[in-house]
Amino acid sequence: MTKEVLTHPVLQQMVDRGNVPLSLATRGAGLIFVSGLPPVDLTTGQLIEGGIEEQTRASLEAIQAVLEANGSSMDKVMKCTVFAVNAGQFDRVNRVYAEFFPEDPPARTFVTVGSWPWAFDIEIEAVALA
């Protein structure tokens, strides 16, 4: 088995600008691992400002874009981890999350975190079938 580093044109620019030592996504053993993605505008690569619903939607759209650019899809997601700064937003996050996984949602963990070095309130990572 080998590890393949995956990318997405706009999102890779965001990673490169941040000078963060990570791969946007990797593929191996029949799985795609998507790094935690904050709410990013898929056109500009800039962070989305707005409420938790807009940020959740943007983060999930970024995951969807990475998966689709690399031959997978949201219906192949096996596990997500949601990192949010406020557990009180759980229900609002769930409403948007359910739009992306209307049937047979993946396993999921919801973790409350303190903060990030940039201004956003949520980051979501995913593992999907390749």
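## Salt bridges

Arg 57 and Glu 99 form a salt bridge, with their closest N and O atoms 2.7 Å apart; the term denotes a side-chain nitrogen of Lys or Arg within 4 Å of a carboxyl oxygen of Asp or Glu. This pair links distant parts of the chain, Arg 57 in helix H2 and Glu 99 in helix H3, 42 residues apart. Helices (H or I, at least four residues) and strands (E, at least two) are DSSP runs, numbered from the N terminus. The model is predicted: local features need pLDDT of at least 70, side-chain atom pairs count only at pLDDT 80 or more, and totals for chains, interfaces and linings use all residues. Residues are numbered from 1 along each chain as its sequence is written, and side-chain values use heavy atoms, with hydrogens and water left out.

The whole structure contains 3 salt bridges. In another, Glu 53 meets Arg 92 (2.9 Å, N to O); Glu 53 lies in helix H2 (residues 52-69) and Arg 92 in helix H3, 39 residues apart.

## Aromatic pairs

Rings of Phe, Tyr and Trp (its six-membered ring) pair if their centres lie within 6.5 Å, with planes under 30 degrees apart counted as stacked, over 60 as edge-to-face and the rest as tilted. By this rule there are 3 aromatic pairs. The ring centres of Phe 90 and Phe 110 are 4.9 Å apart and the planes stand at 80 degrees, so this pair is edge-to-face. Phe 90 belongs to helix H3 (residues 90-100) and Phe 110 to strand S5 (residues 107-112).
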